[in-house]
Amino acid sequence: MKILAFAATTSTTSINRQLIDYATRLLDDGLLDDVEIDTIDLNDYEMPIYSIDRQNETGIPQAAHDFFDRIGAADALLISFAEHNGFYTAAYKNIFDWVSRIDMRVYQDKPAVLLSTSIGPGGGANVLNTAVMSGQFFGYDVKASLSIPSFHENFDTGTGALSDDELDQQFRAALTLSLIHISEPTRHICLSRMPSSA
């Protein structure tokens, strides 16, 4: 099974990129058998800000076609969404807008595990909910979603792993329970933990 993985941000210090790195390391270390990881960096798909005028003048950039083709070559998707003002990052939204001009079903009906995290207790839940709810329109077959609250309290940057045992179990479940059943009918697993009041 080939999994396309990326953080939906261009920040080189992104905590969502650290979360993706942890997920891909778990998969590479044998969390699932027969898995090939294709990790991409959104910086490699930088394009001018989308507008219909620009599309009519110059066409769809090759980078948009390349991004679409990487999705098409995958069996499943693993994406962690950074949240900017309650929504997608501008960089991700711009790539998405360009690729949607190739095909509105950007994600080509691939099974997907969607993640998010933030430094606050919300865990990027707003942007994650947006991504999950839009799945039916843009070609996600969302198998699992999980937001990680208060990243710096729950993630050990020294080891590059979740330090909260309960969250780590949920995280591993989101990966294993969803990806091992990618050929079965859609069954969305939504895993989350309410932040403590402390």
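The largest nonpolar core in this predicted model has 33 residues. Phe6, Phe67, Phe81, Tyr92, Tyr107 and Leu114 make the most contacts inside that core.

| Element | Residues |
|---|---|
| α3 | 62–72 |
| α4 | 90–100 |

Apart from the 33-residue core lies another one, with 29 residues, including Leu26, Leu146, Phe155 and Leu162.

Now for two of the helices. At what angle do α3 and α4 pack? The angle is about 85°, and their axes are 9 Å apart, so the two helices are roughly perpendicular to each other. On the α3 side, Ala64, Phe67 and Phe68 do the touching, and they meet Ile95, Trp98 and Val99 of α4. That contact is made of six nonpolar residues, with no polar and no charged ones.

Stepping back, the protein chain has eight helices and eight strands, and 51% of its 198 residues count as buried. Among contacts with a separation of 6 or more, 79% link residues 24 or more positions apart. The C-alpha atoms fill a box of roughly 55 × 35 × 30 Å along the principal axes. The radius of gyration is 16 Å, which agrees with the value near 16 Å for a compact globule of 198 residues.

Technical notes
Residues numbered from 1 in each chain as written. Predicted model: local features only at pLDDT ≥ 70, side-chain atom pairs only at ≥ 80, totals over all residues. Heavy atoms only, no water. Axes fitted to C-alpha atoms, helices over the stretch in contact; angles between N-to-C directions. Helix = DSSP H or I, 4+ residues; strand = E, 2+ residues; numbered from the N terminus. Parallel < 35°, antiparallel > 145°, perpendicular 65-115°, else oblique. Contact = heavy atoms within 4.5 Å. Nonpolar A, V, L, I, M, F, W, Y, C, P; charged D, E, K, R; others polar. Core = buried A, V, L, I, M, F, W, Y, C linked by side-chain atoms within 4.5 Å. Buried < 20%, exposed > 50% of the residue type's maximum accessible area, 1.4 Å probe, protein only. Rg over C-alpha atoms; globule rule 2.2 N^0.38 Å.
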